[in-house]
Amino acid sequence: MEKIVLILLAAGDSRRFNGNKLLHLFDGKPMYRYLVDEIGKLPETLFEKKIVVTQYQEIMDALGEEGYLVVENHESELGISHSIELGIRAAEAWGDCGFCFAVCDQPYLKGETVRTLVDGFLRSGKGIGCLSCQGELGNPAVFSNRYREELLALEGDVGGRRIIRRHPDDLFLCEVEDGRELVDVDVKKG
């Protein structure tokens, strides 16, 4: 069974948000903490290692203390593909692992949903897995190590969805009941 490394992508510039959305207080706590706290409820054995790719010192400090391998993204303007590459390169220390990419702007996502995705992906025998709701693809997404080179070839502000769409026959979909879990917050609450 393939080992999976969690790669939290937390380096975005939040252009549409008009401010730093990951550190923005969302119902009383920084937005990035919602997913981190949910992941913290899961068994330690679910992920071989947990990595965070970020440009924000507060996130580096907090998650470094919580056992994450911290990878600093000095070039966030290169887009999400650069964060994906940094995360994959950092994961190389653990050999041929799969990658679970998650974003930190989904405050309604539950840890159990992430666990269901990873467990289902591992049982499916497929090379890619992602959450979905009524046909809409969502994050997180899991990729077998055999997609490593395709992930590393991404450029600009393009993420794994491009690869998912290229390989529908190798895709495990994990349906969520509550579509709100897949909502990423791009604008401040009014």
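Leaving aside its neighbours within four places in sequence, F47 has contacts, meaning heavy atoms within 4.5 Å, with I4, V5, L6, I39, C100, V114 and V118. The model is predicted, so local features need pLDDT of at least 70, side-chain atom pairs count only at pLDDT 80 or more, and totals for chains, interfaces and linings use all residues. Residues are numbered from 1 along each chain as its sequence is written, and side-chain values use heavy atoms, with hydrogens and water left out.

F47 and L8 have the most contacts inside the largest nonpolar core, which has 33 residues. Such a core is a set of buried Ala, Val, Leu, Ile, Met, Phe, Trp, Tyr and Cys residues joined through side-chain atoms within 4.5 Å; buried means under 20% relative accessible area with a 1.4 Å probe, protein chains only. Apart from this core lies another, of 26 residues, among them I84, A90, L151 and I164. In soluble globular proteins, nonpolar side chains tend to be buried together.

F47 also lines the largest cavity, together with I39, L42, P43, E44 and K50. A cavity is a set of points on a 1 Å grid over the protein atoms alone where a 1.4 Å probe fits but cannot get out, and lining residues have an atom within 4 Å of a point. The space in this cavity is about 40 Å³, a volume being the space filled by probe spheres set on points joined across faces, edges and corners. Its lining divides into 4 nonpolar, no polar and 2 charged residues, where Pro counts as nonpolar and Asp, Glu, Lys and Arg as charged.

Key:
Buried means under 20% relative accessible area, exposed over 50%, partly exposed in between (1.4 Å probe, protein chains only). On a 1 Å grid over the protein atoms alone, a cavity is a set of points where a 1.4 Å probe fits but cannot get out, and a pocket is an open set with protein on both sides within 12 Å along at least five of seven lines; lining residues have an atom within 4 Å of a point.
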